[in-house]
Amino acid sequence: MLVTKTTTTTTTTRLALLLLRLAVATLLFHSALAFTRAPLSFFTMMRRSSSLGEESNHDYFRHSQSTKSWHAITTNTNDTTTSADEPLLTFGVLSDIQFAPIPDGHSYSGIPRYYRHALTAAKHAAQHFETNKVALVLNLGDVIDGKCQAIRQHGGGDAISEHVNPGIHAVERALESLSHYTHGPILHTYGNHELYNCDRQVLQEMLNIPFVKEPCGELVGYSSHVFNNDVRFVILDSYDVSLLQRCHNSLKYKTACAILQKHNPNYPHQENSPEGMEGLNKRFVAFNGSVGDLQLKWLKATLQEARDANEKVVIASHQPILPESSNPVCLMWNYHNVLTILREYADVVVVSLSGHAHKGGYERDAESGIHFRVIEAVLESPSPIVTFGTVDVFEDRLVLTGFGDCTSAVYDFDHCCLEAKKMANATL
């Protein structure tokens, strides 16, 4: 009996050790698997930029501190990708670089701005996009700042010939930083700060924006791009009707004047001020604009094409569209016209991405289920933080992995199925 007892005890001990080893091996396997799925490897996370003089233990690419699943599925970005669940498309996104060759400053409301670091940040974001071979990059506008037209007055010392537009020189430098991404195209929207420096003809040539020349003779920058036969990017021009860089005799300029005259009591002397205005009326300032009638017709026709082709649509614009997603002072003047069309095509429109409101924002439209996300500005992240995002588009969701001050999130597409069912029932 003694021998039997000893054998039993030994067997039990060996079994316990075997189970312990198995548990440790399983834990190490899953840790390694999660490690390999991380957007940046350990070595990339620890990579230093000598141009910034960073310390060796400082993470240059700081991951967003939170992953939010907005009104959506409960999984986070670390457990959504498997060999059986590959994304249809991955793209990079960033907004409001607003480079200027001047010392750091502040916004009119006192928020710090890091004009020179923004250029370095754009370079590192582009390098990340290139390393990870994203299919394309979406730049949501304002690559340079309006202060480029007054560099000396703002403490800048860059020597630029008086015969050269300093805004054009700044765009060239911003594009040089972004040129570290070459794997695919960069789709640009443009914002008010580009227009403080350059006209649309220059932007067409420098940013490769496929402007449309409308019958009135004006250039308008809206376009559509399909990738992998699955995902369509629809770029809207929210400065179609605007005071900025429009001929004063043009209908678009006169329409913009009439809008501001009607809604902004500070126009024309303080046309960028929302003082004395309430609620959504604060959007009627001169650094905003609106989408014209021809562009609205084009938008509807383009979304119909996407519906016929069973595509997923990503809307991109510099100015936000949904009021709840943004400070009202940054909204498109005629956001409601655009929103009405998007709601009509909620079976294909999965998300709307924009910039302009630097702190970012999000809201899911209660009526349509479409996600509206404002991407946080590169400009307002201090060194060594780099703010940008990568986006994985799956069949049933979009996963935004944020870096720096860009918040990570998961947005489901269940509203597309619901809208499709409504349409099918309506035809019965």
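**A chat about loops, cores and a pocket**

Me: Where does P268 sit?
Reply: P268 is in the loop that runs between α7 (251–263) and α8 (293–308). Keep in mind that this is a predicted model.

Me: OK, and is the peptide bond from Y267 to P268 cis or trans?
Reply: The bond from Y267 to P268 is cis, and its omega is near 5 degrees. For background, most peptide bonds are trans.

Me: What joins S383 and P384?
Reply: A cis peptide bond, with an omega of about 10 degrees. P384 belongs to the loop between β14 (371–374) and β15 (388–393).

Me: Let's switch to phi. What's up with Q98?
Reply: Q98 isn't a glycine, yet its phi is positive, about 50 degrees. You'll find Q98 in the loop between β2 (89–94) and β3 (105–106).

Me: Is Q98 buried or exposed, and why?
Reply: Q98 counts as buried because its relative accessibility is 0%, and buried means under 20%.

Me: And what about the phi of N310?
Reply: N310 is not a glycine either, and its phi is positive, near 60 degrees. N310 lies in the loop between α8 and β11 (312–317). N310 has 66% relative accessibility, so it counts as exposed.

Me: New topic: which residues touch the most other members in the largest nonpolar core?
Reply: That core has 40 residues, and the ones touching the most other members are L94, I97, F129, I144, Y190, L203 and F388. At least two core residues come from each of α3 (115–131), α4 (166–178) and α6 (200–207).

Me: Which element supplies the largest share of this core?
Reply: That's α3, with 8 residues.

Me: What does F129 touch?
Reply: Leaving out residues up to four places away in sequence, F129 touches G92, V93, L94, V134, V137, Y181, F388, G389 and T390.

Me: Last one: how much space lies in the largest pocket?
Reply: About 930 Å³. The largest pocket is lined by 26 residues, and S107, Y108, R113, H193 and F287 are the closest to its centre.

Me: How many of the lining residues are nonpolar, polar or charged?
Reply: The lining of the largest pocket has 12 polar residues, 8 nonpolar ones and 6 charged ones.

Note on methods: Residues numbered from 1 in each chain as written. Predicted model: local features only at pLDDT ≥ 70, side-chain atom pairs only at ≥ 80, totals over all residues. Heavy atoms only, no water. Core = buried A, V, L, I, M, F, W, Y, C linked by side-chain atoms within 4.5 Å. Buried < 20%, exposed > 50% of the residue type's maximum accessible area, 1.4 Å probe, protein only. Helix = DSSP H or I, 4+ residues; strand = E, 2+ residues; numbered from the N terminus. Contact = heavy atoms within 4.5 Å. 1 Å grid on protein atoms, 1.4 Å probe; cavity = no way out; pocket = protein on both sides within 12 Å on 5 of 7 lines; lining within 4 Å. Points joined across faces, edges and corners; volume = space filled by probe spheres on them. Nonpolar A, V, L, I, M, F, W, Y, C, P; charged D, E, K, R; others polar.
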